Amino acid sequence: MKHRHEYLYLGGTWVRPAGERRITPINPSTGQPLASVPEAVEEDVDRAVGAAREAFDAPGGWASWEPARRAEVMERFAAELDARADAICTAVSSQNGMPVTVARQLEVGYPTAVLRYYADLARTAEFTETRAGVLGGTVEVRRLPVGVVAAIVPWNYPQVLSMFKVAPAMAAGCTIVLKPSPEAVLDAFVVAEAAQAAGVPAGVLNIIPGGREAGVHLVAHPGVDKVAFTGSTPAGRAIGEVCGRLLRPVTLELGGKSAGIVLDDAVLDPATIGEELVRATFTNNGQTCFLSTRILAPRSRYAQVVELVTALAESLPVGDALDERTLIGPLVSAQQRERVEGYIAKGRAEGARVTTGGGRPAGLDQGWFVRPTVFADVDSRSTVAQEEIFGPVLCVLAYDDTDDAVRIANDSGFGLGGTVWTADPERGAAVARRVQTGTIGVNRYLPDPGAPFGGFKASGLGRELGPEGMQAYLQTQSLYR
Ligand code: NAD
């Protein structure tokens, strides 16, 4: 086989890139360059969209296949991805700093579970439904694939966020042009290999490694029918504006600043809630959109909550993402670390108190590390409580009673995730239902592939996962008879 890092995967085959530019992701644990790959230029984006268009429009092609036949291909694709799990894990962790133990759970097992879930859904979903007409006659309601999908993903969960789009799009009968982010692009080449090995028909999945420029060209491309984006809120707004002008359907999964409400009955013991609390607040070094980064503590137990969160933050081993012992790896880039350090300085300047962390760890001079940091005495209107930091930084805020906790939780421009921590799950669920957010957990948090995931307010538009996630890739036709 041709060396995959010299070619692009377009139209079901490896083709020579149109330009000379290369992308060289840097290992954030060491600051050292990793392998280099071609960067897709506009001409490559055009070729990718052309291949996806051709595959979608071909009579008797993918879009017109029986859904069960598409499901078989998706299952083979999942098996080929599973067979490459180690290569994917290593690629992800060495590019974005995700601890390899986290990558093993969230960047390999989870994406193939999503792919298999949508393969099952393709088999069971009703793509044609006949209804009695209200005014007589019958109506055939057909759910048709929307067409060529532009899928754009960030670097923090390159595999899972790609599969949130690729899997429902494939199940629906769409064809896809996937643009990974330049910081985490090597794993996408492994995905291309898996797609080819699985016999995914030519043009159904095309991959264009590139930056913002390629993304801008793709979003507005006349051959694209729908855009699915995960990334920052500013980029999401820009993409939403373009799609609005073009009347192009778009789903946007954007930033977050979720609340973790600790109720007054919670058992504040690391052995009871430590593991789940760490998972819900620090996963992937704080570089996760749905984390509960604002911890809301009852004033009566404020000191205890601060003590627990501080102790948990201090207990997390910081180190190279590929080291099995690491629970907090580096930030993705020097620029991202500067951003996070800027927020830490801002928090201090605004009067919040650092109880642990607040700087770089000793002895890790090569990569872009920041110590897990906890701010106490944080005001809900302050910058660190309102803006997404995207690093291992938590704020602990005090509340008076449950109404006050709900008010503070909702005092945010975002609404993506959240958690409630309590000894009484029923009470926790009642509080959770009052939070303005797309998803929320009681004593744990993990998006479920079978249930819609997405944001209220500035956290996004539309939903991924669940049957709702497939709706975004379908459009209906009513046939009156
Ligand atoms: P980003 O918005 O800078 O980039 C995301 C992707 O979009 C990249 O592939 C980038 O090349 C591309 N891009 C950027 N601007 C574009 C434009 N104008 N047109 C087309 N493409 C464009 O985000 P990032 O820094 O890579 O990722 C971090 C952000 O992603 C955080 O805000 C995080 O909360 C968010 N995120 C959200 C979710 C979710 O499901 N809601 C999940 C993970 C990450």
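This is a predicted model: local features need pLDDT of at least 70, side-chain atom pairs count only at pLDDT 80 or more; totals for chains, interfaces and linings use all residues.
**Notebook: strands, salt bridges and overall build**

Entry 1. I began with S7 and strand S8 (residues 138-145), which pair in the antiparallel sense over 5 bridges. Pairing here requires that DSSP finds at least two bridges between two strands. I took helices (H or I, at least four residues) and strands (E, at least two) as DSSP runs, numbered from the N terminus.

Entry 2. Residues are numbered from 1 along each chain as its sequence is written, and side-chain values use heavy atoms, with hydrogens and water left out.

Entry 3. Which strands make up the sheet, and in what order? I found an open sheet of 3 strands in the order S7-S8-S24, with antiparallel pairing. Strand S7 (128-132) and strand S24 (474-480) are the edge strands, each pairing on one side only. Neighbouring strands of this sheet are turned by 25° against each other on average, direction ignored. For such angles, axes are lines fitted to C-alpha atoms, for helices over the stretch in contact, and the angles run from 0 to 180 degrees between N-to-C directions.

Entry 4. I turned to salt bridges, each being a side-chain nitrogen of Lys or Arg within 4 Å of a carboxyl oxygen of Asp or Glu. A search of the whole structure gave 28 of them. In one of these, Glu213 pairs with Arg21, and the closest N and O atoms are 3.4 Å apart. Arg21 has a relative accessible area of 40% and is partly exposed. The classes are buried (under 20% relative accessible area), exposed (over 50%) and partly exposed (in between), with a 1.4 Å probe and protein chains only.

Entry 5. I checked Arg47 and Asp44, a salt bridge with its closest N and O atoms 2.6 Å apart. Both residues lie in helix H1 (residues 42-57), 3 residues apart, about one turn of the helix. Is Asp44 buried or exposed? Asp44 counts as buried, because its relative accessibility is 0%. Arg47, at 32%, counts as partly exposed.

Entry 6. Arg353 and Asp377 form a salt bridge, with 2.9 Å between the closest N and O atoms. Distant parts of the chain are linked by this pair: Arg353 is in strand S16 (residues 353-356), Asp377 in the loop between strand S17 (373-376) and helix H12 (383-386), 24 residues apart. Arg353 is partly exposed at 41% relative accessibility, and Asp377 is partly exposed with a relative accessible area of 41%. I also recorded a network, in which salt bridges that share partners join Arg4, Glu80, Arg84 and Glu193.

Entry 7. Last, I looked at the whole protein chain. I listed 15 helices and 24 strands for it. Its C-alpha atoms fill a box of roughly 65 × 60 × 40 Å, taken along the principal axes. Buried residues make up 60% of the 481 residues. Of the contacts (heavy atoms within 4.5 Å) between residues at least 6 apart in sequence, 73% join residues at least 24 apart.
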